[in-house]
Amino acid sequence: MPETIVKLEDVAVFQNENLVLQNIDLEVKKGEFVYIIGKTGSGKSSFMKTLYADIPLKQGNGQVADFDLRKLEEKNIPYLRRKLGIVFQDFKLLPDRNVNNNLLFVLKATGWTDPSKMNAKIEEVLDKVGMKSKGFKYPHELSGGEQQRIAIARALLNDPELILADEPTGNLDPQTSVEVMKVLQEINQNGRTIIMATHDYALILKYPHKTLKCDGSKVFEVVQKAV
C-alpha cells in the first residue's frame, strides 16, 4: 500500500476570519498527481496555503508529510516546508543573483553546508528540468517558461515528499504551459507526489489526473471528460 502524504478530515479553511472552504475530506497517496480547480476566489490558493501552513488549520484534522497541521507550532513550520516543494505562479526568484545563487540561497537556508554537495545538488535539479546550461543567467535574462523551470528545480532541492504547485502555468502562454507541464509529469512519473492548483482546463484534458473542484465553499472530486 502506498503511504499517505496528505490526509484531511472535516477540514475548514479560513482566510482571516472568513470561512472559505468547509467539510474537506481528502487523502493523497505517495506518487499521486491531483489537480485543484475552481474559479478565481473559490479558495484554491487558501487551500494550498493551508497545506504548507501559511494559513493555520483551526478546524478539522490535517496531516501533511507526517506533520499534524492542527498541532503545528510556528517554530516547526520550516521543518514541514523542508519536506515540501512549493512552486508559485510568479516564480519568486531573487532578481539580484543568478540561477545557481538562487538555488544556493535555498540550500544554505535549509541547513546545507558542504559546497561540493550543494553544487552537485544544484546541477542535478537543473538537469532534471532541462536547464543545466542556464546556471549563470539572471532571472531577467530568462523567459517566463525558463523561470518557472528554475522555480520547479528549486522546489526539488530538498527531495520533497510533496510538491505544491499553485497556478504554475498561470503567467505562461499555452505552448510554454505544456512544456512546464511535461516537466511536472516527468517528476511525478519518477514517484513524486504533486498537488497542482490550476484554472487551465486544456492542460487537465491533455494530462488527466484526479481532479478536485472548489466551488460554493466545498471541495469535491469531478470526473473530467474529454470533449
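Student: In which hand do helices α3 and α5 cross?
Tutor: In this predicted model, the axes of α3, residues 99-109, and α5, residues 144-156, come within 10 Å and cross at roughly 30 degrees. Angles under 35 degrees count as roughly parallel, and α3 and α5 are therefore roughly parallel to each other. The hand of the crossing of α3 and α5 is right-handed.

Student: How many charged residues does the contact of α3 with α5 have?
Tutor: From α3 come Val99, Leu103 and Val106, and these meet Ile150, Ala153 and Arg154 in α5. Sorted by class, the contact of α3 with α5 has 5 nonpolar and no polar residues, and the number of charged residues is 1.

Student: Which elements are included in what covers the buried residues of α3?
Tutor: The buried residues in α3 are Val99, Asn102, Leu103, Leu104 and Leu107. Among these, Val99 and Leu103 also take part in meeting α5. What covers the buried residues of α3 includes α4, residues 115-128, and α5.

Student: At the start of α3, which residue has the backbone nitrogen that a side-chain oxygen of Asn98 reaches?
Tutor: A polar contact requires a pair of N or O atoms within 3.5 Å. At the start of α3, a side-chain oxygen of Asn98 reaches to within 3.3 Å of a backbone nitrogen, and that nitrogen belongs to Asn100.

Student: Which residue just after α3 takes a positive phi?
Tutor: The helix α3 covers residues 99-109. Just after α3 there is a residue with a positive phi of about 100 degrees, and that residue is Gly111.

Student: Are α4 and α5 parallel or oblique to each other?
Tutor: The axes of α4 and α5 come within 9 Å, and they cross at roughly 130 degrees. That angle makes the relation of α4 to α5 oblique.

Student: Which residues of α5 make the contact with α4, and how many charged residues does that contact have?
Tutor: The crossing of α4 and α5 is right-handed. On the α4 side the contact is made by Lys121, Val125, Leu126 and Lys128, and on the α5 side by Ile150, Ala153 and Leu156. By class, this contact of α4 with α5 has 5 nonpolar and no polar residues, and its charged residues number 2.

Student: At what angle do α5 and α6 pack?
Tutor: Two packed helices are described by the angle between their axes and the distance between the axes. For α5 and α6, residues 174-189, the axes are 9 Å apart. The two helices are roughly parallel to each other, and α5 passes α6 in a right-handed crossing. The angle at which α5 and α6 pack is about 20 degrees.

Student: How many polar residues does the contact of α5 with α6 have?
Tutor: In α5 the residues involved are Gly145, Gln148, Arg149, Ile152 and Leu156, which meet Thr176, Glu179, Val180, Val183, Leu184 and Ile187 in α6. By class, the contact of α5 with α6 has 6 nonpolar and 2 charged residues, and the number of polar residues is 3.

Student: Is Gln148 buried or exposed?
Tutor: Gln148 is found in helix α5. Not counting residues up to four places away in sequence, Gln148 touches Val87, Phe88, Gln89, Phe91, Pro168, Leu172 and Val180. Its relative accessibility is 0%, so Gln148 counts as buried.

Student: Which residue has the backbone oxygen that lies 2.8 Å from a polar atom of the side chain of Arg70?
Tutor: Arg70 lies in the loop between β5, residues 67-68, and α2, residues 77-82, and Arg70 is partly exposed, with a relative accessible area of 41%. Leaving aside neighbours within four places in sequence, Arg70 is in contact with Leu57, Lys58, Gln59, Gly60 and Gly62. The backbone oxygen that lies 2.8 Å from a polar atom of the side chain of Arg70 is that of Lys58.

Student: What is the relative accessible area of Ala53?
Tutor: Ala53 lies in the loop between α1, residues 44-51, and β4, residues 59-64. Although Ala53 is not a glycine, it has a positive phi of about 65 degrees. Ala53 is buried, and its relative accessible area is 12%.

Student: Is Asp66 buried or exposed?
Tutor: Asp66 has its place in the loop between β4 and β5. Its phi is near 70 degrees, a positive value in a residue other than glycine. At 60% relative accessibility, Asp66 counts as exposed.

Key:
Residues are numbered from 1 along each chain as its sequence is written. This is a predicted model: local features need pLDDT of at least 70, side-chain atom pairs count only at pLDDT 80 or more; totals for chains, interfaces and linings use all residues. Side-chain values use heavy atoms; hydrogens and water are left out. Axes are lines fitted to C-alpha atoms, for helices over the stretch in contact, and angles run from 0 to 180 degrees between N-to-C directions. Helices (H or I, at least four residues) and strands (E, at least two) are DSSP runs, numbered from the N terminus. Angles under 35 degrees count as roughly parallel, over 145 as roughly antiparallel, 65 to 115 as roughly perpendicular and the rest as oblique. A crossing is left-handed if the near helix is turned anticlockwise from the far one by less than a right angle, and right-handed if clockwise. Contact means heavy atoms within 4.5 Å. Ala, Val, Leu, Ile, Met, Phe, Trp, Tyr, Cys and Pro count as nonpolar, Asp, Glu, Lys and Arg as charged, and the others, Gly among them, as polar. Buried means under 20% relative accessible area, exposed over 50%, partly exposed in between (1.4 Å probe, protein chains only). A polar contact is a pair of N or O atoms within 3.5 Å; within protein, one must be able to donate a hydrogen and the other to accept it, and residues adjacent in sequence count only if both atoms are side-chain atoms.
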